[in-house]
Amino acid sequence: MGKAADLSEFDKGQIAMARRLGTSITEIARLVGCSRSAVVSIHAKWINDGDTSSRRQGVGRPRVIKKKGRLSLSRLVKQNRRQTVAQLTAQYNAGPSASVSEHTVQLTLSDMGLCSRRPTRVPLLTKRHRELCLQWAREHRNWNRVAWSDESRFLIHLVDGRVRVRRLPGEQLLPSCTAGHTQADGGGIMLWGTFSWASLGPVVVVEQTMKAANYLNIIADQLHPYMSFVFPTGNGIFQQDNAPCHKALIVLEWFEEHTDEFHLMFWPPNSSDLKPMEHIWDVMERELRAQTSPCPNISTLRDRCLDIWYNLSPVIYQKFVVTMPRLVAAVLKAKGGATRY
């Protein structure tokens, strides 16, 4: 015959209800398929405890920092999130609660989910920066008319901080647990590219440091034909960031001369997290590092980057344009501050 520990919670509930209705112990044992002693013990537990659960109460040493102390500790953390465990322990022990050790505070913080983490890197924004970012977010609505641009550097050897390994203490120098690097990461190339929702634009390998004269040649030889092709009615908007070569007088004069063909978007300072081009570069970097054989030289790196660019699916870059309304809504909600995008 079944014991009380072998019965389901449903069976135990049936036993308690049957006894409440006056069914005999023998009849209940026959219907449920358990011993008479099991019926007696389950019914007694229901009478004494109000339930039939067999779960044991928590065992072990009681918490030193109880609910009230945890609330106090949470307030101390929120007052200054950069405090160390030693500083938090000293402040906590200065209060009316019993003194606790740093180890206890550390365990309690971990149990509360307040683990130590690196601060999130965001653009450094002043009040004026926030105001300009809000202005930009309120002015623009139709993102299909915008051609986005940016420059990015790709290296032959890149130690990707997102790659992690699992190892035991003392295994840090195993070949499978190391990531080699060379001086200047083996060299690299700089790319300038542009795209819009309608079409992927040209990409240019910048052979030397991007200066105003080099940039002027790029926008005159590459950007101008692209804008004329994608926005033939002159309603296109070109986006560039505030790099010194972009703000040079000869460059701004060139854009002024071509305002009847397309417009230059005002770009708020310190707002690199708003550009869809950053996501395009990230996609390219991931695809480049996913290739099995590393790039042996600059020429191979250049060929692979160009191949990845010209084979980008429209689904990829159009997706980043489609998310712009959500990004702008996040900027407005943050009142011009940093967002998660």
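Ala, Val, Leu, Ile, Met, Phe, Trp, Tyr, Cys and Pro are counted as nonpolar, Asp, Glu, Lys and Arg as charged, and the others, Gly among them, as polar. The model is predicted: local features need pLDDT of at least 70, side-chain atom pairs count only at pLDDT 80 or more, and totals for chains, interfaces and linings use all residues. Residues are numbered from 1 along each chain as its sequence is written, and side-chain values use heavy atoms, with hydrogens and water left out.

The lining of the largest pocket divides into seven nonpolar, six polar and four charged residues. A pocket is an open set of points on a 1 Å grid over the protein atoms alone, where a 1.4 Å probe fits, with protein on both sides within 12 Å along at least five of seven lines; lining residues have an atom within 4 Å of a point. Grid points are joined across faces, edges and corners, and a volume is the space filled by probe spheres set on the points. The largest pocket holds about 440 Å³ of space. Its lining comprises 17 residues. Arg 81, Leu 114, Cys 115, Ser 116 and Arg 117 lie nearest the pocket centre. Helices α5 (85-93) and α6 (102-111) each supply at least two lining residues. Helices (H or I, at least four residues) and strands (E, at least two) are DSSP runs, numbered from the N terminus.

Thr 89 is found in helix α5. Thr 89 counts as buried because its relative accessibility is 5%; buried means under 20% relative accessible area, exposed over 50%, and partly exposed in between (1.4 Å probe, protein chains only). Neighbours within four places in sequence aside, Thr 89 is in contact with Val 100, Ser 101, Glu 102 and Val 105, where contact means heavy atoms within 4.5 Å.

Three domains are assigned: domain 1 (9-49), domain 2 (67-112) and domain 3 (127-158 + 187-334). The bounds come from an automatic or database domain assignment. Taken over C-alpha atoms, the centres of domain 2 and domain 3 are separated by 47 Å.

Salt bridges were assigned where a side-chain nitrogen of Lys or Arg lies within 4 Å of a carboxyl oxygen of Asp or Glu. The count comes to ten salt bridges. One of them joins the side chains of Asp 241 and Lys 275 (3.0 Å, N to O). This pair links distant parts of the chain, 34 residues apart. Asp 241 sits in the loop between β4 (236-238) and α9 (249-257), and Lys 275 in the loop between β5 (262-264) and α10 (276-290). Both Asp 241 and Lys 275 are buried. A network of salt bridges links Asp 150, Asp 241, Lys 275 and Glu 278.

Helix α10 contains Asp 282 and Arg 286, four residues apart, about one turn of the helix. Their salt bridge has its closest N and O atoms 2.9 Å apart. Asp 282 is partly exposed, at 29% relative accessibility, as is Arg 286, at 48%. Glu 285 and Arg 289 also lie in helix α10, four residues apart. In the salt bridge between Glu 285 and Arg 289, the closest N and O atoms are 2.6 Å apart. Glu 285 is buried at 11% relative accessibility, whereas Arg 289 is partly exposed at 28%.

Lys 335 lies in the segment after α13 (324-333). Lys 335 is not a glycine, yet has a positive phi of about 55°. Most residues other than glycine have a negative phi. With 62% relative accessibility, Lys 335 counts as exposed.
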